[in-house]
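Hello,

Here is the structure I said I would pass on. My notes follow it.

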Amino acid sequence: MSDVDDLTDAVLTASRLLIAVSARSLAAVEETLTLPQLRMVVLLDSRGPMKLTALADLLEVNPSTAKRMIDRLITSDMVGREPNPATKREIVVAVTEQGRRVVGEVMARRRAEISRIVARMPEHLRHGLVEALTAFTEAGGEPRWSARDESPERARDHAEVD
């Protein structure tokens, strides 16, 4: 078995754990959201308002699928439609205050549970995990986020509307 195969298996196993942590964190909030819906709200919270097509591209879904998700999230007051601040002609999708609250609560719960898991790891392995996961997320195109130095609001202030 190659290094790539071993690493792929390890990441897949770790992803099961992370999905379980995400699901438990989401279940603990009072809102009824699916993980894909939460992902959409998190993207809007971290990257700022964007056009439906850009959001669909980021989620790797068809625009019609993204539109259905947006419609459901509008009904639950997680997101809303607003004029594009850059052009004033187009409509973009943006997270609402309710959506920001839910993202903050879910992320805080996830962070706490992941911190407990990391604390149980042997200390000498933690540094390598930081480097490996940073490289992994960069290779996957996921923007860096840390509760310690950058809030989603601050990241949003620096993002442009797609």
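Helix H6 itself covers residues 123-139, 17 residues in total. From first C-alpha to last, H6 reaches 25 Å, close to the 24 Å expected at 1.5 Å a residue.

Bear in mind that this is a predicted model. The average pLDDT of the chain is 85, and 88% of the residues score at least 70. Over residues 149-162 pLDDT stays under 50. For that stretch the model has 30 contacts beyond four places in sequence.

Next, the core. The largest nonpolar core has 25 residues, of which Met40, Val41, Leu44, Leu55, Leu73, Met78 and Val79 touch the most other members. Two or more residues each come from H2, H3, H4, strand E2 (91-95) and helix H5 (97-119). H2 gives the most, with six residues. Leaving out residues up to four places away in sequence, Met40 touches Leu55, Leu59, Ala66, Met69, Ile70 and Leu73.

One loop residue is also worth a note. Met50 lies in the loop between helix H2 (35-47) and helix H3 (52-59). Is Met50 buried or exposed? Met50 counts as buried because its relative accessible area is 0%, and the cut-off is under 20%. Met50 and Arg81 are 31 residues apart in sequence, with their C-alpha atoms 9.6 Å apart in space.

Regards

Technical notes: Residues are numbered from 1 along each chain as its sequence is written. This is a predicted model: local features need pLDDT of at least 70, side-chain atom pairs count only at pLDDT 80 or more; totals for chains, interfaces and linings use all residues. Side-chain values use heavy atoms; hydrogens and water are left out. pLDDT is the predictor's confidence in each residue, from 0 to 100. Contact means heavy atoms within 4.5 Å. Helices (H or I, at least four residues) and strands (E, at least two) are DSSP runs, numbered from the N terminus. Buried means under 20% relative accessible area, exposed over 50%, partly exposed in between (1.4 Å probe, protein chains only). The expected span of a helix is 1.5 Å times one less than its number of residues. A nonpolar core is a set of buried Ala, Val, Leu, Ile, Met, Phe, Trp, Tyr and Cys residues joined through side-chain atoms within 4.5 Å.
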